[in-house]
Amino acid sequence: MTITDNERFEAMIEADEKIEPRDWMPDGYRATLIRQIAQHAHSEVIGMQPEANWITRAPTLMRKAILIAKVQDEAGHGLYLYSAAETLGISRDEVVNMLHTGRQKYSSIFNYPTLSWADIGVIGWLVDGAAIVNQIMLQGTSYGPYSRAMVRICKEESFHARQGYAILMALSNGTDEQKAMLQDAIDRWWGPALMMFGPHDSESTHTEQSMAWKVKRISNDELRQMYIDQTIPQGHYLNCTFPDPDLSFDEESGHWNVGPIDWDEFWATVKGNGPMNRERIAHKVQAWDDGAWVREAAEAYAEKQAARSHKIA
Amino acid sequence: MSYEVPIAPGETVDDLKTETTANHGWQLWEVFVRPKRGLSYTHCGSVHAADSESAVQNARDAYARRGEAISLWVVPSSAIHASDDPESLFESFDDKPYRHPTFYEIPDEVGQL
């Protein structure tokens, strides 16, 4: 009896084996992963912009060095992920082009502006904190190269969350003005951070297939709840509140309950009408175009060196 | 940072072109790191670069920002030749259990062997 490619694939998924680049996989699995990994990579890359906005205005030299290191990590994370996407047979140029032309997106959280220094701390704590919850789950994803990229990224994210919270602890022990700046940042970022986990399970059309393929291991709502439960006490430790009149602790279940999420705002931002969508892409495309001479010069140099070594040989 | 970007209601998803041309003249390199002396080089991902020298630099920036490596290899991805079908290439392994020490029963009295 011979088993089909699809049966072998299904059996590997069932047995929690990883799928590797040279394995047969259904077209839908490949397309889903290319899209998800590429958009994950784009998120890392675009995510550098709101933070880089504060590098020149960091309050101390140490904070500045830390922020540069963090932004450099985000570039690195983007590269691990592009490298994972390429194992599925798509070229780097094609995925970058899809971002530049709006055919692929990135996480909507980066379409919000960073208005104060407190935003940098809140991004590390709330945004990277949400990313960690999601990415810990993705370490168990069924595609080998994606899973390995997640393991590497998770090791580095812990630094991101902790440096952010350290910024916020300093502000919470500061002047009244600094405390107000901190509270204002939480008020603006909390809603968008909750939206990072995506629509409710009942509205999420692709979750079921992704869960069956074990691309995704835990649903949007479950991940969001894990995040809420770990984050609320951390906010209270900073003597801050959350912009949610319905927030309450359920003694019986041990979970925090949040009020309704503004899905109209969420979909508007996904569709390109958030506060910073146009600016983020325009900046990205300009950086790519401005860097053209570097790419060309490196290529010309490599050709010259190759010609020279050929002549010597 | 992360994620899955949901598809908005009514939104269509573009087809992917998986057979596109090379990357602006920069080739793809596979990166291998040696984490410390005494250990082998392990594959950790790939980078794009115009030549081997800049591939090493790019690999350092991408994969070794925190002392993950004391040494790196970069190899043009096109130079890697992989084995094909695991079933035909490795199946004979299963019929040769006598290659393993556990195949042989040795009495305990004999001691360490």
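Student: Which helices and strands each supply at least two residues of the lining of the second largest pocket?

Tutor: The model is predicted, so local features need pLDDT of at least 70 and side-chain atom pairs pLDDT 80 or more, while totals for chains, interfaces and linings use all residues. Residues are numbered from 1 along each chain as written, chains are lettered from A and ligands numbered from 1 in written order, and side-chain values use heavy atoms, without hydrogens or water.

Both chains contribute. Chain A gives helix 2, helix 3 (48-52), helix 4, helix 5, helix 12 (277-290) and helix 13. Chain B gives strand 2 and helix 1 (52-63). These are DSSP runs (helices H or I, at least four residues; strands E, at least two), numbered from the N terminus. Helix 12 of chain A gives the most, six residues.

The pocket holds about 930 Å³. A pocket is an open set of 1 Å grid points that fit a 1.4 Å probe, with protein on both sides within 12 Å along at least five of seven lines; lining residues have an atom within 4 Å of a point. Of 29 lining residues, A:Val45, A:Leu79, A:Arg92, A:Lys284 and A:Trp288 lie nearest the centre. The lining divides into 14 nonpolar, eight polar and seven charged residues.

Now the largest pocket, at about 1100 Å³. Among its 33 lining residues, A:Arg148, B:Glu30, B:His43, B:Cys44 and B:Gly45 are closest to the centre. Helix 7 of chain A gives the most here, seven residues. By class, this lining has 14 nonpolar, eight polar and eleven charged residues.

Note on methods. Points joined across faces, edges and corners; volume = space filled by probe spheres on them. Nonpolar A, V, L, I, M, F, W, Y, C, P; charged D, E, K, R; others polar.
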